[in-house]
Amino acid sequence: MRQYFTLFSVGIALISGMVVFQVKSTVQERRDDVEGLARQIEADQRAIKMLRTEWAYLTSPSRLQDQSMHFLAMGETSARQIIPDVQQVPYRIDLETPVDAPESIVIPLRYAPINKPREKPERRLGGFQRASLIIRVDERSGR
Amino acid sequence: MSDMHVKTTRIEGAGKSAMDIARNRLMVAGLLFLAAFAAMAFRTLELGLSTPGNSGFSRAAALVTVAPLSYSRAEILDRNGEVLATNLEVASLYVDPQKIDDPRKVANELVAILPEFTVAEMEKKLTLPQRKFVWIKRHLSPDQKWRINALGYPALKFQDEERRIYPYGRLASHVLGFVDVDGKGLGGIERSFDSTLSWRDENDSPRAGEPIRTALDIRVQHALAEELGAAIRAHKAKGGAGIVMDVRSGEVVAMVSMPDFDPNDPAASPAEARFNRVSQGVYELGSTLKTFTVAKALEQNIVHMEDMIDARKPIRVAGYTISDDHGKARMMSVPEVFVFSSNIGMSRIVDEMGPELQRQFMADIGLLQPTTLEIQEIGNPLIPRRWGRLASMTISYGHGLSISPAQLSTGIAAMVNGGRLVPATLLAKDEADISAIESARQVISASTSRDIRKLLRMTVVKGTGSKAEALGYRVGGKTGTAEKAIAGGYDKKALISSFMGVFPMDDPQYVVFALLDEPEGTRATHNFAGGGWTAAPVVRNVIVRSAPLLGIQPISENQSLYTRVAHLIDDEKR
């Protein structure tokens, strides 16, 4: 019986030693992971700061305007294009009236939010004047 | 229990064999080991199963902290959080020429990335004898660094340095200012908030402080800068100034002074470019000051809207003749005097008021003190030494008193926002600050403020400011054209032309001011160089471009607001 007891003690000692060693090495592994993550976070923060600045540079209004002139040829928004409130949007579904009822689609009475005669084309100094120039050049070369 | 067992073995041990004794001893040792390992297993389990915090051991030892980024100076942001100024680590490239095997090949590859060098220059740098350290280029862009790294030459090395970057370049240069090589603020917000942005630690090395959120909206700033720049080029002006201010909070949403400079490289521009015409420059601003004269006269019941003023003939005072630029030579109602910008009519009104009351009012609305903007480039107003009858008459239409555009905008904001004088600021205000404006000092009554709004709107509809009309945005405003003062009089050719606009007039939100320094007339303006022809279109374009960004909707005007005043204005051409 004593023999068994000794063997039993040795077995327990071996097993618990191994388990503790394993736990410890797992902890060390995790710890390395966490430290790696911390370093990664710091590097990412640095990169984010850099990218935020680069974003500011790449989306600066003057650059966006240049790009839009070259690729989109869009002009400035005229007051006529802005509809001040949703009630004036034509052909919208009116949520107040039952679906499927003929009156549920709003037919516009007038499109222009501003009831004034058409604006005279004006001589412009700055802004989007160049856009129209570019279009004209393109048309000519297309012919 | 084990103790008892040990005792019994010893007592019986005397008669036992040596083998038994050895077994017993082994047993004791085994028990001790078992106890120790059991304690260890128990502790391991306890640690594994317990929740940190309520057990005895502390968690701090196990924590891994992420070090906060350390830079030597904090960021400056616009009101929407866009980065206006920041510190970045930039790489500088140097080379050890002794480790380069094929200088021509490396030089060719480098020049493809750094086109500012010629191949010959680069090759010379790469072949310098007896040197182990040669700078090739300071402050590379991240893209350049990446591409040079990708070349894979071990002789090319980088050194990290920190640098102040202004991603928007010239835009808002006068507001932001710039820093010197040691990172010390030398202008604008960089100078006035130097100690907030950066502080010295115990080793005297600079550390980033609190970031600053300015009131600027970079999109509006761009619209103002571009329109003003275009007008300056078209009219060959010496310079210009522009400001967009929120009338309720006093926040400066955009502020432009031309010529400007690039804060990334301030030395590249002449020193004059750093002069801030909005806050530092003081000018006789001309008719825009008529707004204040009329406001005070209406406030004190010195004149009423319906009163007729004699503007038939020029006035001679103290050897000086006051005449009209847009002369109608007739009796005029008060709205007509304002809308057609009659100097004669205005002089008659202020003559009724008296110099003392006028001076007091000018002081009340901050025209006699420097502006409250939080930068150090602030100009003092030039106030006449004797504020007598003649001075009061000329000041009534904007001559003889030099103020900065920032002061004017603050005063005009008070005229249209219901009469409260809110100090101008370059810093973004939060909601709590804005409600504090309710307690700002009342300088004119709300009803006078309503009258002024109508007069300003009528000036654009019927009077001198028609070029500022922007469909749907209900713009009001006043032109200002002043001859520059020279020794012994005024220079008829050199003008300060300005336009002060407010929109939308039925619920004023923003003041937009534009000024051109010595503009020349063009064919498009029929050779006129006055504020109504040169500066008013700038204000109009800025409003059309920025109103959608500022959340102001174009709507049909409620004409009935202005019927009464409109009836008092006869704008028939005769």
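Modeller: A nonpolar core is a set of buried Ala, Val, Leu, Ile, Met, Phe, Trp, Tyr and Cys residues joined through C-beta atoms within 7 Å. A residue is buried if 20 or more other C-beta atoms lie within 10 Å of its own, exposed if 12 or fewer, and partly exposed in between, with C-beta atoms placed from the backbone. The model is predicted: local features need pLDDT of at least 70 and side-chain atom pairs pLDDT 80 or more, while totals for chains, interfaces and linings use all residues. Residues are numbered from 1 along each chain as its sequence is written, and chains are lettered from A and ligands numbered from 1 in the order in which they are written.

Colleague: Which residues have the most contacts inside the largest nonpolar core?

Modeller: That core has 131 residues, and those with the most contacts inside it include Val244(B), Val511(B) and Val539(B). Helix H9 (residues 218–234) of chain B gives the most to this core, with nine residues. Helices (H or I, at least four residues) and strands (E, at least two) are DSSP runs, numbered from the N terminus.

Colleague: What is Val539(B) in contact with?

Modeller: Leaving aside neighbours within four places in sequence, its contacts include Phe499(B), Gly501(B) and Val512(B). Contact here requires C-beta atoms, placed from the backbone, within 7 Å. Gly501(B) also stands opposite Val512(B) in E20(B).

Colleague: In what order do the strands of the open sheet run?

Modeller: The order is E9-E8-E20-E19-E18 in chain B, with antiparallel pairing; two strands pair if DSSP finds at least two bridges between them. Strands E9 (252–258) and E18 (476–486) of chain B each have a single partner strand, so one side of each is left without a neighbour in the sheet. Eight bridges join E19 (residues 489–503) to E20 (residues 510–517) of chain B.

Colleague: Now helix H17 of chain B. Why is it largely enclosed?

Modeller: Of the 17 residues of H17(B), 13 are buried, so the rest of the structure largely encloses this helix.

Colleague: Turning to chain A, how many helices and strands does it have?

Modeller: Chain A has three helices and zero strands. Of its 143 residues, 4% count as buried.

Methods: Contact = placed C-beta atoms within 7 Å.
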